[in-house]
Amino acid sequence: DPDRLTAPPGWRIVLSDASPSTNADAARLAREGEEAGLVVVTEHQTAGRGRLDRVWETPARSSLTFSVLLRPDVPAEKWPWVPLLTGYAVHAALADRLPEVVLKWPNDVLVEERKVAGILAERIETPQGPMVVVGIGINVDQSLEELPVALATSVSLETGEPVDRTQLLGQVVGSLHGLQGLLDDTDSLRAAYADVCSTLGRTVDVHLPGAVVRRGEALDLDSSGALVVGADGGTFTVAAGDVVHVRP
Ligand code: BT5
């Protein structure tokens with residue numbers, strides 16, 4: 001409901017009826033000169049993208065599908081924290097409704113191991129300099145049959161109540177806007193993120209390029225947000241990749 005949607009100070013929200021991918025929209029607008037703080041929302045995303053060339057599937061009108069254009073005002077070595085910050089902000093916005101919500105490193109938003117939201121952060125080059133597009137997809141009203149994979153859920157399936165999508169969008173955008181400052185203090189961000197990340201302390205299978213899988217114990221996050229995994233008496237670090245929680 002565009003009439004009830006207000007952007008945080010300095011940010012702008014644009015809505016479309018349909019789009020292949022709001023991440024692609026935001027990247028194109030940035031290359032055309034758009035500034036940070038743009039939020040692109042669509043009612044129906046027809047070719048949503050996940051990480052590593054995977055797809056993000058959402059039926060029309062039962063999810064929240066949007067992207068935010070950011071230019072983090074911090075040194076380049078802190079930019080790897082942007083996707084983690086985004087997951088943290090989505091978690092914070094959902095936690096009131098969904099007390100069981102947790103993050104799976106790097107930024108899957110889960111309720112009892114079922115994915116309720118996914119995030120795709122992409123660094124882009126623009127005439128205004130490097131920027132980041134953070135894309136957020138939240139399953140809001142889908143029924144079990146409408147979810148594309150088995151390990152998925154929606155907010156309303158978990159709460160048993162209808163969800164005001166306009167209000168939830170405002171909360172998530174406001175959360176991201178309000179928490180951006182944590183990038184200045186990545187030690188605090190690291191601690192806050194670790195508190196809500198269910199990966200730490202668990203046995204994980206790390207899927208590395210070339211179909212290599214290494215099992216280990218998720219121990220910690222390093223100073224750039226990479227996952228430190230203990231295995232074979234030593235440790236290895238995963239900067240980007242997929243982690244599967246192994247059931248105890
Ligand atoms: C993600 O990728 O989870 C990132 C999803 C980002 C989507 C947003 S929507 C707005 C913006 N515009 C875009 O084009 N994308 C962003 P990944 O971690 O790679 O997970 C993808 C996997 O999640 C798929 O391979 C499926 O197994 C599963 N999946 C697909 N759709 C899902 C859904 N609606 N709910 C739960 N799981 C889903």
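**Figure 1. Pairing of strands E11 and E12 in the predicted model.** Leu227 in strand E12 is the bridge partner of Leu221. This close-up is taken from a predicted model, as are the views that follow. Strand E11 and strand E12, the latter covering residues 227–231, are joined by 4 bridges and run antiparallel. Ala218 stands opposite Val229, a residue of E12. The two strands form a hairpin with 5 residues between them, and Gly225 takes a positive phi there, near 90°.

**Figure 2. The hairpin of strands E10 and E11.** Strand E10 (residues 203–208) runs antiparallel to strand E11 (residues 212–221), and 6 bridges join the two. Val206 has Arg214 of E11 standing opposite. Between E10 and E11 lie 3 residues, and in this turn Gly210 has a positive phi of about 80°.

Figure 3. In the order E13-E12-E11-E10-E14, 5 strands make up an open sheet with antiparallel pairing. As a general point, the strands of a sheet pair through backbone hydrogen bonds, in either a parallel or an antiparallel manner.

Figure 4. The domain assignment of the protein gives domain 1 as residues 2–196 and domain 2 as residues 203–245. Their C-alpha centres are 24 Å apart. In the contact, 11 residues of domain 1 meet 7 residues of domain 2. On the side of domain 1 that touches domain 2, helix H2 (81–94) and helix H5 (186–196) each supply at least two residues. H5 gives the most to this side, with 4 residues. By class, the residues on this side of domain 1 divide into 6 nonpolar, 1 polar and 4 charged.

**Figure 5. Helix H1 and the strands that surround its buried residues.** Helix H1 spans residues 22–31, and its buried residues include Thr22, Asn23 and Asp25. Ala26, Ala27 and Ala30 of H1 are buried as well. The buried residues of H1 pack against strand E1 (12–19), strand E2 (38–45) and strand E3 (48–49), and also against strand E5 (63–70), strand E8 (114–126) and strand E9 (129–139). After H1 comes Gly33, which has a positive phi near 110°. In general, an α-helix has 3.6 residues a turn, so residues three or four places apart point the same way.

**Figure 6. The shell of residues around the ligand.** Around the ligand there are 29 residues, of which Ser21, Gly50, Gly118, Gly135 and Gly137 come nearest. H1, E3, E5, E8 and E9 each supply at least two residues of this shell. The shell divides into 10 nonpolar, 13 polar and 6 charged residues.

**Figure 7. Asp184 in a loop between two helices.** Asp184 is found in the loop between helix H4 (165–179) and H5. Asp184 counts as exposed because 12 C-beta neighbours lie inside 10 Å, and a residue with 12 or fewer is classed in this way. The C-alpha atom of Asp184 is separated by 34 Å from that of Pro20, a residue 164 residues apart from Asp184 along the chain.

Notes
Residues numbered from 1 in each chain as written. Predicted model: local features only at pLDDT ≥ 70, side-chain atom pairs only at ≥ 80, totals over all residues. Buried ≥ 20, exposed ≤ 12 C-beta atoms within 10 Å, placed from the backbone. Contact = placed C-beta atoms within 7 Å. Pairing = 2+ DSSP bridges. Domains from an automatic or database assignment. Nonpolar A, V, L, I, M, F, W, Y, C, P; charged D, E, K, R; others polar. Near = placed C-beta within 6 Å.
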